[in-house]
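Trainee: Could you take me through this model step by step, giving the general idea before each case?

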Amino acid sequence: MLKTSDPRSALWSSTAAPPPDTPPLTGDRRTDAVVVGGGFTGLSAALHLAEAGVDTVLLEAEAPGFGASGRNNGQVVPAYSRHNPDEIVAEFGDERGEALNAWVQDAAALVFDLIARHGIDCDASQNGWLMPAHTESRLAIAQAKHDQWASRDAPVALLDKAETQALTGSAHYIGAWLHRGGGNINPLAYTRGLARAAMDAGAAIHAASPATAIERTARSWRVTTPGGVVEADTVILATNAYSGNLWPGLARSVVPLRLLQGATKPLGDNVARTILPERQGISDARRVLWAFRKDGAGRMVTGAAPLVPGFRGPLRDLCTTQLKAVFPQVGDVDFEYLWDGKVAVTLDRLPRFHELAEGVYAGLGYSGRGIAMATAMGKVLAERVRGTPASDLPVPVSPLNPVPMRSLLIPLARVRMNWWRFLDRLD
Ligand SMILES: Cc1cc2nc3c(=O)[nH]c(=O)nc-3n(C[C@H](O)[C@H](O)[C@H](O)COP(=O)(O)OP(=O)(O)OC[C@H]3O[C@@H](n4cnc5c(N)ncnc54)[C@H](O)[C@@H]3O)c2cc1C
């Protein structure tokens, strides 16, 4: 049995189209921009740079989609994981706050536009994303999000119990907030499609080419890999929760949280028709958010955050219990695929755009909402490399700060999540 950390254990590696040929870097070369990391952030940056005529080389330690981009739940969500848009305005002011809100809101559209424009075959369905709630107090939270996004002309709706049941196939929820701009994709297929599109636009992508050092030279930056060196005017670091010691302090600026994902065997046709008939993505309004969706073959794909350190069995059981509680019609649940991935969480759950040195940029910390946000961050990074002043970009530049007491946070998060799960069960 494959380890859950092996990318081949993910459903998506069985269902995505094969990757493009991305041979390791051999020899030395000079380029305009070098991107380190082949997930949504790095590939979107490389694609937008190459389309603008910037000579670009992307270095990936393993293969495009090796990180969270190839292992996630595939929900394209046009909203923050924690904040409401009014809170963003209170924090950043009217102009910067609304620019960030618009960026988050438009990020899902960017994903589906890229998929359409580049003909990426990734089981994409833009049928909306749903936050259902099972209690009045949790519904009030979903309603506040709905109201604030509605006041910004987002394509959203508030659903009553019957409408929620019609879309989910579950009587468990009493109402929901629907965002019609969201949807689902096969994330590894999308990642590989972005890689292909970036290469078609002229970018060079090298797998099995870990960047092991970045050094300043008189004129530019030198990025070293085992097979060769790339010299470039600008560097983008897109290594997110998989960041190592390449840039001092970058890994310590986020909390890398390991999440388990599971995909059931395809449901029988009769049951599949009753569950998520329009295939919206779902992240419910519990304290410990529960996310699930159905893939094109009728598999339920779901996941959970760590309960205990050695987590395969307990988390599979938790996913089974939750699926059966919400969808009693599902019958026996048999998880055919179990895998895990690391999500980069920031303390305030907002993404980070860093200017680490002159010509060195980084984007990370999407806190579980990275399909849309990381794709959009790649575009922001590309615009910055092309000379757009940081003050004209929608994401504010943040200083690089270590997360305080980071090593304690993961065990503490586990304790807190178990407490929240207990409260969710009491609800
Ligand atoms: C289990 C799980 C479920 C999730 N579900 C969702 C969801 O449903 N919806 C959603 O929006 N988001 C979801 N996310 C979050 C989302 O997947 C991430 O935010 C997003 O993939 C981040 O993309 P990225 O390109 O920044 O990082 P990654 O995809 O992690 O890519 C970083 C890459 O950098 C490479 N790398 C690291 N160091 C080096 C080096 N020195 N040299 C070269 N390469 C290097 C790694 O190999 C890796 O491929 C989920 C995450 C997980 C883990």
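Mentor: Let us begin with burial, where buried means under 20% relative accessible area, exposed over 50% and partly exposed in between, with a 1.4 Å probe and protein chains only. F292, with a relative accessible area of 0%, is therefore buried. This is a predicted model, in which local features need pLDDT of at least 70, side-chain atom pairs count only at pLDDT 80 or more, and totals for chains, interfaces and linings use all residues. Residues are numbered from 1 along each chain as its sequence is written, and side-chain values use heavy atoms, with hydrogens and water left out.

Trainee: Where does F292 lie, and which residues does F292 touch?

Mentor: Helices (H or I, at least four residues) and strands (E, at least two) are DSSP runs numbered from the N terminus, and F292 belongs to strand 14, residues 291-294. Taking contact as heavy atoms within 4.5 Å, and not counting residues up to four places away in sequence, F292 touches N73, Q75, Y173, L276, G281, I282, M300, V301, T302 and F327.

Trainee: How should I read the packing of helix 4 and helix 10?

Mentor: Two packed helices are described by the angle between their axes and the distance between the axes. Axes are lines fitted to C-alpha atoms, for helices over the stretch in contact, and angles run from 0 to 180 degrees between N-to-C directions. Here the axes of helix 4 (residues 94-117) and helix 10 (residues 370-385) come within 8 Å and cross at roughly 90°. Because angles of 65 to 115 degrees count as roughly perpendicular (under 35 is roughly parallel, over 145 roughly antiparallel, the rest oblique), helix 4 and helix 10 are roughly perpendicular to each other.

Trainee: Which residues of helix 4 and helix 10 meet?

Mentor: Among them, W103, V104 and A107 in helix 4 meet residues of helix 10 that include I371, A372 and M373.

Trainee: Which residues have the most contacts inside the largest nonpolar core?

Mentor: A nonpolar core is a set of buried Ala, Val, Leu, Ile, Met, Phe, Trp, Tyr and Cys residues joined through side-chain atoms within 4.5 Å. The largest has 74 residues, and W103 and Y190 have the most contacts inside it. A second, separate core of 27 residues includes L260, I282, V326 and V333.

Trainee: Is A201 buried or partly exposed?

Mentor: A201 is partly exposed, at a relative accessible area of 32%, and its place is in the loop between helix 7 (187-200) and strand 8 (204-206).
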